[in-house]
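This report examines selected parts of one protein model. Please consult the sequence and the structure while reading the sections that follow.

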Amino acid sequence: MGKGESEMGKAASDDIEIQFDGKKCIHARKCVLGLPDVFDPSAGRQWMFPENASAEEIVRVVEACPSGALTYELKSADAKEAAPKVNTARLWENGPVEYHGELEIDGEEPRLRAVLCRCGKSKNKPFCDNAHLKADFVATGDIATKEDAEALEVRDGPLAIKPIKDGPLMVSGNLEIVAGSGRRVATGKRFAMCRCGASKNKPFCDGSHKDIGFEAD
């Protein structure tokens with residue numbers, strides 16, 4: 001998806017409709033690289049061509065979109081994207097946190113995928129807008145494994161994400177925090193996740209938002 005295309009869009013074939021929300025897109029390019037005949041930013045405003053691949057192929061690529069900017073509806077069945085069996089928060093190196101689960105983000109429609117800001121600079125909080133790139137944000141995606149990072153008895157279910165005004169993201173529900181490689185580094189049912197970018201204990205909040213005067217709804 002390029003900067004010149006519409007922020008919202010739909011495209012349909014006989015079998016599937018693809019929906020696109022440009023405000024959530026962080027240009028991970030998994031769609032463009034996964035199915036270049038279907039997702040072609042060089043084509044201009046109308047850049048999605050679902051007739052060029054099977055519904056099964058499109059589902060596979062859309063479900064790999066980390067931000068949830070791409071979603072789909074199948075026309076021939078009631079099938080829809082399934083919630084994962086394990087809720088995860090994946091740490092991106094020098095970047096945001098990718099959440100996958102039954103996400104209930106305050107003020108947003110329920111979703112299964114989202115990439116949320118942790119540098120504090122996004123103009124689309126709580127979502128990432130790639131501001132970390134210009135800010136030269138530094139935060140490892142490979143933190144040490146916590147001693148109590150054992151698999152939870154129940155690993156799925158609703159995951160509530162509440163941005164605290166001028167503070168962290170409060171995440172409630174069964175959650176595994178994983179390194180960029182997928183290694184499990186922490187597990188629990190309630191976390192305060194830094195979103196100001198200043199914590200010395202990233203990705204967790206340590207109260208630094210108060211010291212720097214962080215402001216966010």
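## Burial and the model

A residue is called buried if its relative accessible area is under 20%, and exposed if that area is over 50%. The model discussed here is a predicted one.

Ser122 lies in the loop that runs between strand S6 (111-116) and helix H3 (131-134). Is Ser122 buried or exposed? Its relative accessibility is 3%, and Ser122 therefore counts as buried.

The side chain of Ser122 takes part in polar pairings. One of its polar atoms lies 2.9 Å from the backbone nitrogen of Asn124, and the side chain also makes a polar contact with the side chain of Asp129, at 3.5 Å. Leaving aside residues up to four places away in sequence, Ser122 touches Cys117, Phe127, Cys128, Asp129 and Ala131.

## A sheet of three strands

Three strands, in the order S1-S2-S3, form an open sheet with antiparallel pairing. Its edge strands are S1 (8-12) and S3 (70-74), each of which pairs on one side only. On average, neighbouring strands of the sheet are turned by 15 degrees against each other, direction ignored.

Strand S2 (residues 16-21) runs antiparallel to S1 and is joined to it by five bridges.

Which residues of S2 are buried on each side? Ile16, Ile18 and Phe20 are buried on one side, and Glu17, Gln19 and Asp21 are buried on the other, with both faces of S2 covered. In total, six of the six residues of S2 are buried, and the strand is described as mostly covered.

## Helix H2 against the sheet

Helix H2 (residues 55-62) packs on the sheet, where it touches S2 and S3. The direction of H2 makes about 150 degrees with that of S3.

The buried residues of H2 are Ala55, Ile58, Val59, Val61 and Val62. An α-helix has 3.6 residues a turn, so residues three or four places apart point the same way. The elements against which the buried residues of H2 pack are S2, helix H1 (30-34), S3 and S6.

## Cysteines without disulfides

A disulfide is a covalent bond between the sulfur atoms of two cysteines. How many disulfides does the structure hold? The structure holds zero disulfides. For a pair of cysteines to count as a disulfide, their sulfur atoms must lie within 2.5 Å.

Two cysteines illustrate the point. The closest cysteine sulfur to that of Cys25 belongs to Cys65 and is 6.7 Å away, which is too far for a bond. For Cys65, the closest cysteine sulfur is that of Cys31, at 6.6 Å, and this distance is also too far for a bond. Cys25 counts as buried because its relative accessibility is 16%. Cys65 is buried, with a relative accessible area of 12%.

Definitions and conventions. Residues are numbered from 1 along each chain as its sequence is written. This is a predicted model: local features need pLDDT of at least 70, side-chain atom pairs count only at pLDDT 80 or more; totals for chains, interfaces and linings use all residues. Side-chain values use heavy atoms; hydrogens and water are left out. Two strands pair if DSSP finds at least two bridges between them. Helices (H or I, at least four residues) and strands (E, at least two) are DSSP runs, numbered from the N terminus. Axes are lines fitted to C-alpha atoms, for helices over the stretch in contact, and angles run from 0 to 180 degrees between N-to-C directions. Contact means heavy atoms within 4.5 Å. Buried means under 20% relative accessible area, exposed over 50%, partly exposed in between (1.4 Å probe, protein chains only). A polar contact is a pair of N or O atoms within 3.5 Å; within protein, one must be able to donate a hydrogen and the other to accept it, and residues adjacent in sequence count only if both atoms are side-chain atoms.
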